[in-house]
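Okay, everyone, thanks for coming. Let me put the structure up on the screen and then walk you through it.

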Amino acid sequence: MVTYTRLVDDDRVFKALGDPTRRHLLDRLFERDGRTLTELESELEMTRFGVMKHLRLLEEAGLVVARRQGREKLHFLNPVPIRLIHDRWIDKFTEHRVAALADLKSELEESA
Amino acid sequence: MTTATAQTTQVYQIFIKATPEQIWEAITTPEFTARYFHGARIQVTADHYQSNGPNGETWGDGPVFEFDAPRRLVHQWRSLYDPDLVAEEPSRVTWEIADQDDGTCLLTVTHDRLEGALKTAASVAGPGWMGVLSSLKTLLETGEPLT
C-alpha cells in the first residue's frame, strides 16, 4: 500500500497549496519562520478561527510544523513535502534547465 | 524568487517507511551516512559526534547532548567542512524519530541556536537539509541513494 499512502500524502499537499490564504501563510513563514498564531492572524483579514483552520490543513499536509516553545506555539514552514514532489518529476539533469528558465522568468518580470 | 533571511531555527519533517532502529542506524553509522549525507562518514556515540569527508578530513567534531536510541539524538553542529563557516559559533541539531504504527516513522530534524552562525544557517537552509533528508528517505525505502 506504499503507492496509496504516497498518493494520499501528495493529495493533501496539493489541496493545501490550492488556496490563496494558505499560500499566503506559507509565504509569511518563508519570510520569517517560527511565528505564533497571533502574529500570523494580524496580517490577515480573517477571524482567528479561520486562520487556525487553514493552519491545521497545512499541518495535516506536513507543510507546517507547530512546536511548543515555553508558553508559545510556534509555526515553522516544512518544505520537505514540496521537495519530494519536486524530486518525483525533476531529476538532477533537468534541474539546471528548469532553474535557468525560472531565473529567466523572474529576471524578465522584474525588469518589466 | 524572494530570498528570506537565514532562519535561526529550522524544522524539517519527513515520513519514512522504515523502523525507528533502521533510521537510527542510518543517522549514526558512517557506512550509512556516507551514502546520503554528501559523502560524510558520521559516527555518533553517546557522547561524541564525528564527521569525516571521503579523504578523512574533519567535517564535524563535537559533543552529543542527548543519545536516546532509537528515538532522540541531540548534538552540536559546527561547519568545519567549509573555510567560510569554520569561524562561526556552534549550533545544535536535534533528530526525533516517532513511530507511526503503520510501518512508517515521522523524522523531525530541528537545527537551531544558529544566531551566531548566520552563514551556516543560510547554507543548510532549504536544499541543504531537504537534500539530505529526501536522499535518506530514498535510501531507506529503496536501498538506493538519490542520484
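So, chain B: going along its sequence, you read β-α-α-β-β-β-β-β-β-α-α. How compact is that fold for its length? The radius of gyration is 15 Å, close to the 15 Å the globule rule gives for 147 residues, so chain B is as compact as a globular protein of that length. One thing to keep in mind before I go on: this is a predicted model.

If you tally up the elements, chain B has four helices and seven strands. Its C-alpha trace spans about 40 × 35 × 30 Å along the principal axes. Of the 147 residues in chain B, 34% are buried. And what about contacts in chain B with a separation of 6 or more? Residues 24 or more positions apart account for 47% of those.

Let's zoom in on one residue there, B:Thr33. You'll find B:Thr33 in helix H2 of chain B, which covers residues 30-33. Is B:Thr33 buried or exposed? Buried, because there are 23 other C-beta atoms within 10 Å, and the cut-off for calling a residue buried is 20 or more. Which residues does B:Thr33 touch, leaving aside those up to four places away in sequence? That would be B:Ile27, B:Ala40, B:Arg41 and B:Ile42. For a sense of distance, take B:Leu73: B:Thr33 and B:Leu73 are 40 residues apart in sequence, and from C-alpha to C-alpha they sit 15 Å apart in space.

Starting from the N terminus, the order is α-α-α-α-β-β-α-α. The C-alpha atoms of chain A fill a box of roughly 50 × 45 × 25 Å, again along the principal axes. Chain A has 112 residues, and buried ones make up 20% of them. As for contacts in chain A between residues at least 6 apart in sequence, 51% join residues at least 24 apart.

The helix I'd like you to look at in chain A is H4, residues 48-60. How far does helix H4 of chain A reach from its first C-alpha to its last? With 13 residues it reaches 18 Å, close to the 18 Å expected at 1.5 Å a residue. While we're on helices, a quick reminder: an α-helix has 3.6 residues a turn, so residues three or four places apart point the same way. Following H4 of chain A comes A:Gly62, and its phi is positive, near 80°.

Definitions and conventions. Residues are numbered from 1 along each chain as its sequence is written. Chains are lettered from A and ligands numbered from 1 in the order in which they are written. This is a predicted model: local features need pLDDT of at least 70, side-chain atom pairs count only at pLDDT 80 or more; totals for chains, interfaces and linings use all residues. Helices (H or I, at least four residues) and strands (E, at least two) are DSSP runs, numbered from the N terminus. The expected span of a helix is 1.5 Å times one less than its number of residues. A residue is buried if 20 or more other C-beta atoms lie within 10 Å of its own, exposed if 12 or fewer, and partly exposed in between; C-beta atoms are placed from the backbone. Two residues are in contact if their C-beta atoms, placed from the backbone, lie within 7 Å. The radius of gyration is taken over C-alpha atoms; the globule rule is 2.2 Å times the number of residues to the power 0.38.
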